[in-house]
Amino acid sequence: MAVFTSVTLDDLSSWIKQFPLGKALAIKGIASGIENSNFFITTETGEYVLTIFENLTFEQLPFYLKLMRHLADRGVLVPAPVANIDGELVTALHGKPASIVSKLEGASQMHPEPVHCAAVGAMLALMHLAGKDFPLYQENLRSLNWWHETTPKVLPFLSDELRHLLCAEVHYQDAFDSTPIYRALPRGPVHADLFRNNVMFDGEKLTGFFDFYFAGCDAWIFDVAVTVNDWCIDTATGELDVARVRALLNAYHLVRPFTPEESVAWKPMLRAAALRFWLSRLYDYYQPRDAEMLTPHDPAHFERILRLRESLPVPPLTSDL
Ligand SMILES: Nc1ncnc2c1ncn2[C@@H]1O[C@H](COP(=O)(O)OP(=O)(O)O)[C@@H](O)[C@H]1O
Ligand SMILES: N[C@@H](CCOP(=O)(O)O)C(=O)O
């Protein structure tokens with residue numbers, strides 16, 4: 001569906017000479033992406049993924065690619081970007097920024113069991129710890145400031161009831177953001193979009209997290225909340241599945257114990273994570289980008305999740321292990 005910029009084997013053969021990967025042997029477009037042009041490539045040294053970035057710029061990309069390199073160097077299972085002979089992780093191909101990363105084995109697990117959630121929780125904790133000494137800083141670009149910018153753009157399309165729900169939640173998150181509890185939350189680089197389609201599994205073995213292009217610095221517990229809101233729910237209703245929630249949180253806690261402040265922030269962060277994706281889906285739905293080729297994701301899914309997280313108790317962050 002989505003290879004926006006085509007690359008032939010001839011194009012690749014001359015471009016790849018700047019990388020220590022040997023000769024290019026094959027290239028195949030990946031149909032499933034919606035943002036960039038992605039290709040599986042085979043060279044004399046192995047299999048990789050080539051991405052041509054259709055929207056992100058040369059200036060924006062180093063944060064994401066250097067973060068992936070930093071994490072890969074510390075044993076976190078993520079695609080490892082390959083540097084060219086000048087040490088650059090991003091170089092131009094057909095005039096657009098492009099990069100090569102290692103190929104993860106396996107496929108996304110869209111029907112996870114507790115065993116998969118536990119693997120995701122443990123790797124997420126490892127990722128947060130490994131990011132502690134990452135020297136670059138970029139805020140989470142889809143956080144409070146973005147919610148404030150975007151809310152007025154979608155309000156004209158919403159019913160009175162939905163306008164109230166959205167404004168009240170942004171107000172609630174504003175208030176929570178200025179509490180000492182929020183400020184005391186441990187933070188650092190987060191993935192911020194660790195949905196089931198952004199993780200690879202080979203059977204029950206997690207082989208890697210990918211698609212880091214919403215990453216930024218934020219509270220670690222927000223990242224956990226984003227992940228739980230996708231991995232540990234009944235997808236029809238949005239209700240939390242306690243067995244999967246426990247598996248993910250317990251596995252995370254064993255690697256990086258949660259703090260008391262994170263326990264207090266847990267429910268507000270589950271709400272924040274629901275708001276974040278409700279709002280981006282509303283924005284994509286009512287203000288689709290020119291290049292958007294696929295049906296936008298359903299905003300009502302995260303509206304439901306937000307209502308549930310507001311109105312129902314949630315499983316505690318820690319339990320007796
Ligand atoms: N490093 C990787 N290893 C293996 N497969 C990958 C890798 N990166 C991307 N893919 C495959 O390419 C598809 C599209 O990638 P994605 O990052 O979701 O694209 P986009 O950013 O264009 O939405 C993924 O669903 C996955 O199947
Ligand atoms: N996970 C987000 C959309 C982001 O798209 P991705 O395919 O790049 O992860 C959502 O579901 O709204």
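Predicted model: local features only at pLDDT ≥ 70, side-chain atom pairs only at ≥ 80, totals over all residues.
1. The UniProt record, an unreviewed entry, places the feature "domain: Aminoglycoside phosphotransferase" at residues 27-258. That annotation may be inferred rather than shown by experiment. Over this stretch the chain is 38% helix and 19% strand.

2. The shell around ligand 1. There are 17 residues around ligand 1, and those that come nearest are Ile34, Glu35, Asn36, Asn38 and Leu104. Sorted by class, the shell has nine nonpolar, five polar and three charged residues. Two strands, S2 (37-43) and S5 (96-102), each supply at least two residues of this shell.

3. Polar contacts of ligand 1. Which part of Glu35 lies 3.0 Å from an oxygen atom of ligand 1, backbone or side chain? The atom in question is a polar backbone atom. With Asn38 the side chain is involved: one of its N or O atoms is 3.1 Å from an oxygen atom of the ligand. Ser32 also contributes a polar side-chain atom, at 3.4 Å from an oxygen atom of ligand 1. On its own, ligand 1 has 560 Å² of accessible area, and the protein covers 86% of it.

4. The shell around ligand 2. The residues here are Asp193, Phe195, Asn197, Asn198, Asp211, Phe214, Phe277, Arg281 and His297. By class, this shell has three nonpolar, three polar and three charged residues.

5. Polar contacts of ligand 2. Asp193 has a side-chain N or O atom 2.7 Å from an oxygen atom of the ligand. For Asp211 the corresponding distance, again from a side-chain N or O atom to a ligand oxygen, is 2.9 Å. Arg281 places a polar side-chain atom 2.7 Å from an oxygen atom of ligand 2. Taken alone, ligand 2 exposes 340 Å², of which the protein buries 83%.

6. Cysteines. How many disulfides does the structure hold? The count is zero. For Cys232, the nearest cysteine sulfur is that of Cys117, at 4.1 Å. Is Cys232 buried or exposed? Cys232 is buried, because its relative accessible area is 0%, and the cut-off for buried is under 20%. Cys167 has a relative accessible area of 36%, so this residue is partly exposed.

7. Asn84. This residue sits in the loop between helix H2 (61-73) and strand S4 (91-93). Although in a loop, Asn84 is buried, with a relative accessible area of 7%. Its side chain makes a polar contact of 2.9 Å with the side chain of Gln18. A polar atom of the Asn84 side chain also lies 2.9 Å from the backbone nitrogen of Glu88.

8. Gly188. This glycine belongs to strand S6, which covers residues 187-190. Its relative accessible area is 10%, so Gly188 is classed as buried. How far apart are Gly188 and Leu240 in sequence and in space? They are separated by 52 residues in sequence and by 26 Å in space, C-alpha to C-alpha.

Definitions and conventions. Residues numbered from 1 in each chain as written. Chains lettered and ligands numbered in written order. Heavy atoms only, no water. Near = heavy atom within 4 Å. Polar contact = N/O pair within 3.5 Å; in protein donor to acceptor, adjacent residues only side chain to side chain. Areas by Shrake-Rupley, 256 points an atom, 1.4 Å probe, with all protein chains shown as cover. Helix = DSSP H or I, 4+ residues; strand = E, 2+ residues; numbered from the N terminus. Nonpolar A, V, L, I, M, F, W, Y, C, P; charged D, E, K, R; others polar. Disulfide = S-S within 2.5 Å. Buried < 20%, exposed > 50% of the residue type's maximum accessible area, 1.4 Å probe, protein only.
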